[in-house]
Amino acid sequence: MIGKDNVRPVFPTRGWFEALRENVAVDGELAVIGRWCTLDLALVAGEETILLRLEEGKISEIVLEPDIGASWSVTLRGTREDWLTFLAPLPPPFYSDLLAMNSRVPSFAIEGDRRTFVRHLHALARIFRLAQQMGSGLA
């Protein structure tokens, strides 16, 4: 997705997450499978933390570098390189989805309330498939 001024937003900037929010908002599949997906999800890319508040399968709020008072139920933690590899046009083995990364990429982890993660896994998988379709913005 091309942003303002015909420039592709780059992961993990606010512009990239705003573009993801727009893609998620118009996705027909997610409108159906995500309607019960409400949770706060932290995505950690190296030293950067991005809090995504999801309501009914839509990204309702994006908080870059949330303060100490913020809380969330699930964290997806990886290096910046892990995320850029995941977002590549053709990710290598074990970088194709979140569960594969959790199992086989030592620097990636799914942390927090596992029950909540599994409950919303189908919707989260769709959100991150949309993210992969967007790419990192670096190519």
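Predicted model: local features only at pLDDT ≥ 70, side-chain atom pairs only at ≥ 80, totals over all residues.
In the hairpin formed by strand 2 and strand 3, where 2 residues lie between the strands, Glu56 adopts a positive phi near 50 degrees. Most residues other than glycine have a negative phi, and most peptide bonds are trans.

- Strand 2 and strand 3 are paired in the antiparallel sense, with 6 bridges between them.
- Within this pairing, Arg53 stands opposite Glu61, a residue of strand 3.
- Glu56 belongs to the loop between strand 2 and strand 3 (58-64).
- The phi of Glu56, near 50 degrees, is a positive value in a residue other than glycine.
- Glu56 is classed as exposed because its relative accessible area is 55%, and the exposed class requires a value over 50%.

- Strand 1 and strand 2 run antiparallel and are joined by 7 bridges.
- Val44 has Thr49 of strand 2 as its bridge partner.
- Gly46 is placed in the loop between strand 1 (39-45) and strand 2 (48-55).
- This hairpin has 2 residues between the strands, and Gly46 takes a positive phi near 70 degrees there.

**Surroundings of Gly46**

- Gly46 has a relative accessibility of 37% and therefore counts as partly exposed, since that class lies between the 20% and 50% limits.
- When residues up to four places away in sequence are not counted, Gly46 touches Gly78, Thr79 and Arg80.
- Gly46 and Glu29 are separated by 17 residues in sequence, and their C-alpha atoms are 31 Å apart in space.

- Glu65 is found in the loop between strand 3 and strand 4 (74-78).
- Although Glu65 is not a glycine, its phi is positive, at about 50 degrees.
- The relative accessible area of Glu65 is 46%, so this residue is partly exposed.

**The cis peptide bond**

- Phe11 and Pro12 are joined by a cis peptide bond, with omega at about 0 degrees.
- Pro12 lies in the segment before helix 1 (14-25).

Definitions and conventions
Residues numbered from 1 in each chain as written. Heavy atoms only, no water. Helix = DSSP H or I, 4+ residues; strand = E, 2+ residues; numbered from the N terminus. Buried < 20%, exposed > 50% of the residue type's maximum accessible area, 1.4 Å probe, protein only. Contact = heavy atoms within 4.5 Å. Pairing = 2+ DSSP bridges.
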